[in-house]
Each structure stands twice: as structure tokens, then as C-alpha cells.
Amino acid sequence: ALTVAQIENITALAKQKNNLFMEAMTVGFNPLYQEIKGIIQSGKIGTVTHVESMFGRMSAKDHKHTPGQAGGCIYDIGIYNIFLILDLLGPVKKIQVQGRKHRTWDVIGTVQLLAEHQNGEQSYSYMTMDSISTSKATIIGTEGTIEIGEGWTTPHEYKVSYRDGTVD
């Protein structure tokens, strides 16, 4: 769906037919991501105050370079960053977005997003489909941090660092 009206039609139809409708966002179902959420929920890193994510890769698919075909980095890979910050911090209260249009495509190729969430938490996301970027995420709490290694959208490793200097 590219518009609010489209998503409303889809969800209404799913309810009418008693079907489940969801984005195929596999990050939330990844066992390691579930483990990370368990650490957060346990309070081991204290209260989460900030989430930072970076995700980028070069896009070679023409449909991703065309506005009418869901082109642009927000539609393509930005949704992963947005999922992470909303899943961990909840709704956004205030947001600043800066985008850079690709030189030849008719879409935004890179976006930086800075948000304040309902309880004052902050998030920063960098997403790009027209250059190379690291793909890491950091969850910062009052008592420690969780760093999700390269390829955080399909996590294979993470590191928990505590205020006292210990690391898990």
C-alpha cells in the first residue's frame, strides 16, 4: 500500500474475510531479535532512552527507482528502521526528516530521520539505497547498551555492554 486509503481498504477487507493481514517484516520474528527484546523487557539495560539504526545497500532494481512503483528508500529499506524504532520506543511525538534525491532516479535515495517519542526517548535512523552503508543498530538504556552487529535486519549477533564495564 502506498496511501492511507489503500491500507484502510486492505485492512477492512481482511477483517471482512476474517483473514490476517500483515507486512512480511521478518525482523520481529527472528529468534535473536526476540532474545534482544527479552533483555530489554528484563530491565538489564535499564530504561531504553535511544535507538539508533543504519541500513543501506545499493539498489539495482528499476521499480525501486520509480515513484509510482513504491520507489525510494523509505518504501524499499526504510521500513526496517521505522519498524525497529516504533517496536522498541512506540509512537513518534516529533520528527525531523531530511532526504536526498538520487541524481538520476526520480526518488529519494537517502533519508535521515530524527524522532522524539512519547516519553522523551529519541531515535536516529539513516537509510540509503543509493550508496553503501553499514547496517548496524544500537539500543541505549540507562544501565547499558545492546549493539546488534552488521546485518541487524537479520540479526546473527549482538553484544550487551553494561555501565560497570562488563560485557555479555
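Is F83 buried, partly exposed or exposed? I looked it up: F83 has a relative accessibility of 21%, so F83 counts as partly exposed. The cut-offs I used are under 20% relative accessible area for buried, over 50% for exposed and in between for partly exposed, with a 1.4 Å probe and protein chains only.

On the source, I noted that this is a predicted model, where local features need pLDDT of at least 70, side-chain atom pairs count only at pLDDT 80 or more, and totals for chains, interfaces and linings use all residues. Residues are numbered from 1 along each chain as its sequence is written, and side-chain values use heavy atoms, with hydrogens and water left out.

Next I looked for aromatic pairs and found three. Rings of Phe, Tyr and Trp (its six-membered ring) pair if their centres lie within 6.5 Å; planes under 30 degrees apart are stacked, over 60 edge-to-face, and the rest tilted.

I noted Y33 and F83 as a tilted pair, with 5.9 Å centre to centre and 50° between the planes. Y33 is in helix α2 (residues 31-42) and F83 in helix α3 (residues 73-89), so this pair ties together parts 50 residues apart in sequence. Helices (H or I, at least four residues) and strands (E, at least two) are DSSP runs, numbered from the N terminus. Y33 counts as buried, at 2% relative accessibility.

I then noted F55 and W152 as an edge-to-face pair, with 6.4 Å centre to centre and 70° between the planes. F55 is in strand β1 (residues 48-56) and W152 in the loop between β6 (144-148) and β7 (158-162), 97 residues apart. F55 is buried at 6% relative accessible area, and W152 is buried at 1%.

Last entry: F55, Y80 and W152 form one aromatic cluster.
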